[in-house]
Amino acid sequence: QVQLMESGGGLVQPGGSLRLSCAASGSIGSINFMGWYRQAPGKQRELVATITSGGVTNYADSVKGRVTISTDNAKNTVYLQLNSLKSEDTAVYYCNAGIRKTVALAFHEYWGQGTQVTVSS
């Protein structure tokens with residue numbers, strides 16, 4: 001069984017910063033990619049940022065220049081540094097990862113339970 005556990009969400013004022021963490025645990029053979037998505041009330045879930053096992057990153061246009069995704073491969077953990085936060089960044093942030101338990105199996109996509117980020121004065 002593979003689990004993704006997010007942490008680091010909370011309430012922050014506009015212009016503030018937060019660092020989200022997501023640790024993968026369980027039967028992990030290898031990780032192909034990790035990423036973050038978010039879903040605001042009444043809106044569809046959208047991509048925030050992804051990073052491949054080779055370190056290639058991809059960011060949504062709405063967060064470029066304000067957000068940095070990084071990983072600690074030894075800890076199977078992905079981080080999302082959020083800076084210059086705006087009210088429109090308020091959402092539940094979900095961790096996402098492509099993981100396979102052994103090299104004989106295909107990669108499977110896993111999701112975390114989500115962590116709330118609220119940007120408000």
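Because the model is predicted, local features require a pLDDT of at least 70 and side-chain atom pairs count only at pLDDT 80 or more, whereas totals for chains, interfaces and linings use all residues. Residues are numbered from 1 along each chain as its sequence is written, and side-chain values use heavy atoms, with hydrogens and water left out.

The protein chain contains 0 helices and 11 strands, where helices (H or I, at least four residues) and strands (E, at least two) are DSSP runs numbered from the N terminus. Read from the N terminus, the order of elements is β-β-β-β-β-β-β-β-β-β-β. The C-alpha trace spans about 50 × 25 × 25 Å along its principal axes. The radius of gyration, taken over C-alpha atoms, is compared with a globule rule of 2.2 Å times the number of residues to the power 0.38. For 121 residues, a compact globule would have a value near 14 Å, and the protein chain agrees with this at 14 Å.

Of the 121 residues, 38% count as buried; buried means under 20% relative accessible area, exposed over 50%, and partly exposed in between (1.4 Å probe, protein chains only). The protein chain exposes about 6500 Å², of which carbon and sulfur atoms supply 47%. These areas come from the Shrake-Rupley method with a 1.4 Å probe, and for residues only the protein chains shown count as cover. Among contacts (heavy atoms within 4.5 Å) with a separation of 6 or more, 56% are accounted for by residues 24 or more positions apart. The side chains include 10 positive and 7 negative ones, and the centres of the two sets lie 3 Å apart. In this count Lys and Arg are positive and Asp and Glu negative, while His and the chain ends are not counted; each charge is placed at NZ of Lys, CZ of Arg, CG of Asp or CD of Glu.

A search of the whole structure finds 1 disulfide, defined as a pair of cysteine sulfur atoms within 2.5 Å. The bond is formed by cysteine 22 and cysteine 95, whose sulfur atoms are 2.0 Å apart. This pair joins distant parts of the chain, with cysteine 22 in strand β3 (residues 18–26) and cysteine 95 in strand β9 (residues 91–100), 73 residues apart. The torsion about the S-S bond of cysteine 22 and cysteine 95 is about -80°, so the disulfide is left-handed. Cysteine 22 is buried at a relative accessible area of 0%, and cysteine 95 is buried, also with 0%.

Valine 78, located in strand β8 (residues 77–82), counts as buried at 0% relative accessibility. Residues up to four places away in sequence aside, valine 78 touches both Cys22 and Cys95, together with Leu20, Ser21, Met34, Trp36, Ile51, Ile69, Ser70 and Thr71. The C-alpha atoms of valine 78 and leucine 20 are separated by 8.3 Å, although the two residues are 58 residues apart along the chain.

Serine 21 belongs to strand β3 and is buried, with a relative accessible area of 17%. Beyond its neighbours within four places in sequence, serine 21 is in contact with Met5, Glu6, Ser7, Trp36, Val78 and Tyr79.

Glycine 65 is placed in the loop between β6 (57–59) and β7 (67–72). At 82% relative accessibility, glycine 65 counts as exposed. Glycine 65 and alanine 23 are 42 residues apart in sequence, and their C-alpha atoms are 24 Å apart in space.
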